[in-house]
Amino acid sequence: SKQRCLLRQMVLKLLPNTKVYTIPTNVAQFEKSYNNRKRGHISVATQSRLLLPSILPCVGKLLWIDLDAFIVGPIRKAWNEPTGKCGITARSSVVHYMSHYKKYHPTLASWHEHYGKSFNAGVMIIDLQRLRENKFEETIVSYWASHLGANDQVTFNVACNSTHAELDPRLNVFQGVSDTNTPNRSEWIIAHFQSSKKPWS
């Protein structure tokens, strides 16, 4: 309730013509398996986005932007990006993200970077209807996130199995990566502090 109050005050002061809605979520199904692993800067609350298809039953499509991503250009273009076979458009990772999780999840042993690319889930266009049709929550989320304790990004990647559509890099500009993986600064639309290093900490 304190966070909601603070959010309302910020909106009234900074964005008086904006409508902001807060939606209560229940992540109890994830808490035990998720907290058995050290997560550092990532809270179990992030798992709530795995429940978006049921949290927002009347919404067909949405643009997800993490709290550590800053909008620095017009985002209207993002809405017209086509979603992939799995219903997600996201920027592919520049590190071997999924390989890192093999030690936690033996069932990922067959995942090879040459077999499939992984993506960063900080900025995504999500076709919620496609996820519902694919039984995302009932199958992937219930096993990988609830049972095994995989985080939300791993769970989304498993669901897509490299069939996601590629997001324009300007819509998710990774910070702290090489210049070859970074668009020209004048073209940035969303700057994302995707690692544990945040500008406010």
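Predicted model: local features only at pLDDT ≥ 70, side-chain atom pairs only at ≥ 80, totals over all residues.
Residues are numbered from 1 along each chain as its sequence is written, and side-chain values rest on heavy atoms, with hydrogens and water left out. Local features need pLDDT of at least 70 and side-chain atom pairs count only at pLDDT 80 or more, while totals for chains, interfaces and linings use all residues.

L15 sits in the loop between helix 1 (2–14) and helix 2 (28–35); helices (H or I, at least four residues) and strands (E, at least two) are DSSP runs numbered from the N terminus. With a relative accessible area of 46%, L15 is partly exposed, the class between buried (under 20%) and exposed (over 50%).

Helix 2 also meets helix 7 (residues 136–147): their axes come within 8 Å and cross at roughly 45 degrees. The two helices are therefore oblique to each other, a term for angles that are not under 35 degrees (roughly parallel), over 145 (roughly antiparallel) or 65 to 115 (roughly perpendicular). Axes are lines fitted to C-alpha atoms, for helices over the stretch in contact, and angles run from 0 to 180 degrees between N-to-C directions. Q29, F30 and S33 of helix 2 make the contact with V141, A145, S146 and H147 of helix 7, where contact means heavy atoms within 4.5 Å.

Turning to buried residues, I88 in strand 3 (residues 88–92) has 1% relative accessibility. Beyond four places in sequence, its contacts include F119, M124, L131 and F156. The C-alpha atoms of I88 and D127 are 6.3 Å apart, although 39 residues separate them along the chain. D152, in helix 8 (residues 152–160), is buried at 4% relative accessibility and touches T46, Q47, R49 and L50, leaving aside neighbours within four places.

Finally, the loop between helix 8 and strand 5 (165–166) holds N161, whose phi is positive, near 50 degrees.

Definitions and conventions. Buried < 20%, exposed > 50% of the residue type's maximum accessible area, 1.4 Å probe, protein only.
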